[in-house]
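Hi,

Here is the structure I promised to pass on. Have a look at it first, then read on.

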Amino acid sequence: MKDPEEIAIKLSWHDARVQILIVNGDKALYSDTCDPRSDISRRRVIEKLVNSFPAIDANTVEEELLQLSKEGAPPAVGSISTCDAVDADPEPWPTPVNGEALLDEIAELLRKYVVLPRYGAETIALWIVQTYCFESFEYTPRLLIHSPDKRCGKSRLLRLAAALARRPLACENITAAALFRSIEKFRCTLLLDEADTYLAGSNVNEELRGIVNAGHQRGGKVLRCVGDDNEPMPFNVYAPMVIAMIGKPPATVEDRAIPVQMRRRMPDEQVSRYRPGMSLRIQFLDAVRRCLRWVDDNRESLAARIPAVPQQLDDRAADNWFSLFAIADQAGGQWTDLARQMAISVMAGRDTTSLGTLLLADLRDLFRNWNRDRLTSSEICTALVQMEDRPWPELTQGRAITPRSLAKLLAPFEVVPRNVKRGEVVVKGYLRTDFADAWKRYLPEDRGTPAGASATPLPAFADKDLRQESSATSENQVADAIARKPLSDKGGSGVAEERPGDWPETRMEPRMAELLGLIETLSRDLDASGSSAPFSSETMRQHYREMVQRHGVGAALADAQARFQMMLQGDFAPLRRVAL
């Protein structure tokens with residue numbers, strides 16, 4: 001454009017900024033750059049222009065800058081254009097498409113080239129169609145393709161999904177910034193391979209995880225400051241996403257995903273090879289075009305559908321499967337019932353229980369099965385370590401759970417250890433009532449284990465080889481302590497009084513304290529029950545002193561716990577027998 005004095009103003013993109021050049025003939029009079037997307041940057045450069053050249057029309061310059069902002073910067077030489085990065089939509093199929101036949105076709109294509117678990121092909125077929133209409137739904141579930149080891153077909157399946165999904169963008173690694181900018185720019189289906197290198201275990205990129213989670217729900221956005229003026233700008237991150245990895249992602253990502261677990265192919269499981277010399281997108285182009293046509297014809301009906309959700313699915317699973325149920329219902333035929341069967345089957349094997357919730361469930365079982373109103377921290381940790389199907393034996397770097405780590409896991413649930421009396425001994429532990437609120441909020445009402453049932457057996461304390469103390473000196477000291485009068489409360493403070501020489505080193509080993517407390521309790525109840533020989537309170541002390549010396553604290557503690565358990569159930573007979 002030109003002003004009345006024949007001064008030419010030239011605007012052109014240079015990388016991500018617009019260059020403003022004022023010339024008079026071949027002579028350059030002024031040069032500056034600005035970010036046309038930034039109001040502050042535009043106003044600043046226009047103000048400088050008007051101050052230097054009063055005849056320039058500021059409104060005209062701003063209109064041209066805004067127009068350049070809308071058009072966007074052209075790709076740099078050698079860069080990847082939008083069309084190159086993401087496949088544009090082809091022409092939809094010219095005639096109406098049957099939804100049931102379309103889903104059958106996609107499922108059969110998947111089974112032809114990849115060995116999949118039960119319901120795997122059908123689940124992925126529904127998910128692929130969902131990529132064409134995800135904007136019509138509140139949630140778009142992540143498709144989690146995972147396996148226990150390499151060479152299980154994950155990357156092969158990812159290539160198939162990329163060939164069939166709408167506007168696919170596949171990559172083997174991605175940063176958080178590239179992720180949200182790609183979704184905002186391309187409106188694509190993301191396919192993330194090798195995700196175990198950046199989205200699992202110690203490799204988790206927390207910023208990336210947050211964006212993956214945010215994109216699960218429509219309206220999900222991230223805010224970033226852009227431009228010279230650091231103006232906050234929202235980036236839309238709602239998009240379909242496939243995550244392929246060895247192992248599993250963080251629990252929050254897995255909770256928003258529909259899992260497909262891959263396994264290594266057996267020699268007798270045969271699959272077809274891809275046609276050489278032709279891209280998969282071209283090979284499956286007809287299926288893509290049929291997906292576009294079917295979704296275009298049914299988009300309004302899909303958006304209006306409120307499909308029935310099986311009661312077996314929790315709230316998150318219901319959100320994940322909602323769009324797939326709607327697609328199955330719209331397609332009709334066998335898919336209506338099949339989708340529900342698939343959801344129940346696929347999600348039944350999913351374990352989304354956090355470590356803290358798992359601990360709450362195991363503690364509820366312990367309190368129920370032992371029929372106790374309180375448990376010491378030592379009792380709980382010893383029992384948890386016996387559970388071979390749980391993480392407690394090797395909780396942290398191969399080490400078993402300790403009272404300290406137990407307290408740390410329970411702290412978020414507002415459950416803290418308190419002083420618990422064992423006879424005259426006070427140790428740290430928990431009351432059953434401490435967990436009442438947490439159990440109601442975080443555990444299902446009925447886990448299939450009625451009160452009093454024995455799903456979690458009493459721990460095998462009596463294993464001498466595993467439970468004996470490390471030195472005979474400490475055993476003898478404990479035996480001596482048993483022979484003396486047990487500890488007494490100090491002024492009712494709730495803290496056990498310690499006397500020099502009573503215990504090994506300076507503090508009492510937790511199981512020793514528990515044993516002494518049980519002996520005191522049993523002795524008191526034995527005297528109160530009017531017991532006669534051969535087992536009195538004095539002979540009981542002698543019995544346990546000898547047992548500690550011969551078999552260790554663990555065996556003595558197991559014997560005392562068994563007697564105490566029977567006593568709680570009203571059976572005083574074991575208190576009168578030397579041997580159980």
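Below is what turned up in it.

Before you start: this is a predicted model, in which local features need pLDDT of at least 70, side-chain atom pairs count only at pLDDT 80 or more, and totals for chains, interfaces and linings use all residues. Residues are numbered from 1 along each chain as its sequence is written, and side-chain values use heavy atoms, with hydrogens and water left out.

Let's begin with the inside. In soluble globular proteins, nonpolar side chains tend to be buried together. A nonpolar core here is a set of buried Ala, Val, Leu, Ile, Met, Phe, Trp, Tyr and Cys residues joined through side-chain atoms within 4.5 Å. Buried means under 20% relative accessible area, exposed over 50%, and partly exposed in between, using a 1.4 Å probe and protein chains only. The largest such core has 63 residues, and Ile106, Leu110, Leu126, Trp294 and Trp321 have the most contacts inside it. Helix α12 (residues 315-331) gives this core its largest share, eight residues. (Helices are DSSP runs of H or I, at least four residues; strands are runs of E, at least two; both are numbered from the N terminus.) Apart from that core lies another one, of 30 residues, including Leu144, Leu179, Leu208 and Val226.

Next, a helix pair. α7 (residues 176-186) and α8 (residues 206-214) pack with their axes 8 Å apart, at an angle of about 25 degrees. The axes are lines fitted to C-alpha atoms over the stretch in contact, and angles run from 0 to 180 degrees between N-to-C directions. So α7 and α8 are roughly parallel, a label for angles under 35 degrees. Ala176, Leu179 and Phe180 of α7 meet Glu207, Leu208, Ile211 and Val212 of α8, where contact means heavy atoms within 4.5 Å.

What about disulfides, pairs of cysteine sulfur atoms within 2.5 Å? A search of the whole structure finds zero. For Cys171, the nearest cysteine sulfur is that of Cys188, 9.1 Å away. Cys171 is buried, with a relative accessible area of 14%, and Cys381 is buried too, at 6%.

Last, helix α16 (residues 403-410): Ser405, Leu406, Ala407, Leu409 and Leu410 are buried there. The buried residues of α16 pack against α14 (355-370), α15 (377-385) and β13 (425-431). Thr353 sits in the loop between α13 (335-348) and α14, and is partly exposed at 42% relative accessible area.

Happy browsing!

Note on methods. Parallel < 35°, antiparallel > 145°, perpendicular 65-115°, else oblique. Disulfide = S-S within 2.5 Å.
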